[in-house]
Amino acid sequence: MTQQLGESTATGVPTTRSTGGLATHSQGQSLADVLERVLDKGIVIVGDIQVRLLDIELLTIKIRLMVASVDKAREMGIDWWEVDPFFSSGGSDDKDDKDGDEKGGGRLGELAQRVRELEQRVGDETSSASKRPSASRRRS
Amino acid sequence: MSDDTVVHAYGVVADGEAIPEIVGIAGAPIELVELPDLAIVAASLPFDRYGPASWVEHAEDLQWLASVGREHHGVLQQLIAVRDVVPFRLPSIYATLDGLRTLVSDERDRHLAALAAVAGRVEWVVKAYRGPRPTASRPEDAAASGAAYLQSQSRRLREEEEAGAHFQEVVRHAHDRLTAVVADAVRNPVQDKALSGRDLPMALNGAYLVERRRTQEFLDMLAAVEADGADDGLVLESSGPWPAYSFAGRARSAGAGAP
């Protein structure tokens, strides 16, 4: 069941196509994999939070909640982490400001509960990850 | 870049070569910010949608994070087709270009080391799952008595334990064989089933830093490992090439931007 993907591009064949070329690369790159890599602390299903900056604490904790909501999303049948070709829903940017406001409040308790469940399930097996949160690179 | 924009940095490349025209997050074209010996790949984004407040506001908003994360990754994915890149992790936003230049300059050695680490190399992901063993099932004798039943139960438990330990050994060996044909390797934390989307338990979430010119060798080894592990229920899944997220980060981990 091995998927050998992107083989033809592994040799570095130049491509400047903006979206079309990506599908072949990204097949098999699940959203969980992408977020695990691009977010600074990875997807923290388990692991220690080492807080150094208040800012970061906020972000870390919320990312943990976000992970729980992945689980929740799956339960609800929303499988948006199964990657379709990148940018297939490229227009989704413009809805960003609404979602947070609509869902807010009551969801937090539910998410916290999901985090606890996830943590319980996964236990402490991967505390080795050494994913230290770095200090914020944010400057404002 | 003005007050209503924020600078988003995608990563660092060696200087001296042009990059292809790529449109990134929010449709903003990427540009090169040149420094001695290296260049930063960056873009100006609307502050009200991608500034610090937006990150805090959307930190639990999977859809927003997924959108930004994929677009960020999409740019890097296109870049590694033509260049070696040290990918930055998110959030990677800066108030001004000068601020970005200063921060990267301050960590110049670290960035150069990271560039050297990923030169000519890309990341591949290999996950191993524990599937059923094709030979594992055998007819169970009907228990003749309570004592015999208990005995068979405890025997089965013991066998399961041994099988589990054996499988871990199979996985470790698989990882070692893959590691032998790559420049570097790391075992990331295994993903929960909810994240992997598979029913089988994940036993390995490996990242391998593969020399581009040795990609075929790596893929051949992958096929060999999978074939050899089939009898033990080893199920592999691979994807790549990826930007070298799991390796570039090790060279530039903590301390970025610390005052």
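Predicted model: local features only at pLDDT ≥ 70, side-chain atom pairs only at ≥ 80, totals over all residues.
Chain A contains 5 helices and 0 strands, and along the sequence its pattern reads α-α-α-α-α. Of its 140 residues, 42% count as buried. Contacts in chain A between residues at least 6 apart in sequence join residues at least 24 apart in 70% of cases.

Confidence in chain A has a mean pLDDT of 42, with 8% of the residues reaching 70 or more. Over residues 42–109 of chain A the pLDDT is below 50, although this stretch has 139 contacts in the model beyond near neighbours in sequence. The pLDDT is also below 50 over residues 124–140 of chain A, where 52 contacts beyond near neighbours in sequence are present in the model. Among the elements of chain A, helix 1 (residues 22–26) has the lowest confidence, at a mean of 32, and helix 2 has the highest, at 80.

Helix 2 of chain A covers residues 31–38 and includes A:Asp33. A:Asp33 has a relative accessible area of 1% and is therefore buried. The side chain of A:Asp33 makes a polar contact across to chain B, with the side chain of B:Lys127, at 2.7 Å.

The secondary structure of chain B comprises 9 helices and 9 strands. Chain B has 259 residues, and buried residues make up 54% of them. For contacts in chain B with a separation of 6 or more, residues 24 or more positions apart account for 75%. Chain B exposes about 10700 Å², and 51% of this area is supplied by carbon and sulfur atoms.

Helix 3 of chain B runs over residues 62–80. Its 19 residues should span 27 Å at 1.5 Å a residue, and the separation of its end C-alpha atoms, 26 Å, agrees with this. Of these 19 residues, 18 are buried, so helix 3 of chain B is largely enclosed by the rest of the structure. B:Gly69, which falls within the residue range of this helix, has its C-alpha atom 9.3 Å from that of B:Pro91, at a sequence separation of 22 residues. B:Pro91 is found in the loop between strand 4 (85–87) and strand 5 (93–94) of chain B. The relative accessibility of B:Pro91 is 15%, so this residue counts as buried.

In strand 6 of chain B (residues 121–130), B:Glu123 has a relative accessibility of 0% and therefore counts as buried. The side chain of B:Glu123 reaches the backbone nitrogen of B:Tyr245 at 2.9 Å. Neighbours within four places in sequence aside, B:Glu123 is in contact with A:Arg37 of chain A and with several residues of chain B, including B:Ala207, B:Tyr208, B:Trp242, B:Pro243, B:Ala244, B:Ser246 and B:Phe247. The contacts of B:Glu123 also include B:Gly240 and B:Pro241. These two residues are joined by a cis peptide bond, with omega about 0°. B:Pro241 is placed in strand 9 (residues 234–242) of chain B.

Most peptide bonds are trans, and most residues other than glycine have a negative phi. B:Ala26 is not a glycine, yet its phi is positive, at about 60°. This residue is located in the loop between strand 1 (5–14) and strand 2 (31–35) of chain B.

Notes
Residues numbered from 1 in each chain as written. Chains lettered and ligands numbered in written order. Heavy atoms only, no water. Helix = DSSP H or I, 4+ residues; strand = E, 2+ residues; numbered from the N terminus. Buried < 20%, exposed > 50% of the residue type's maximum accessible area, 1.4 Å probe, protein only. Polar contact = N/O pair within 3.5 Å; in protein donor to acceptor, adjacent residues only side chain to side chain. Expected span 1.5 Å × (residues − 1). Contact = heavy atoms within 4.5 Å. pLDDT = per-residue confidence, 0-100. Areas by Shrake-Rupley, 256 points an atom, 1.4 Å probe, with all protein chains shown as cover.
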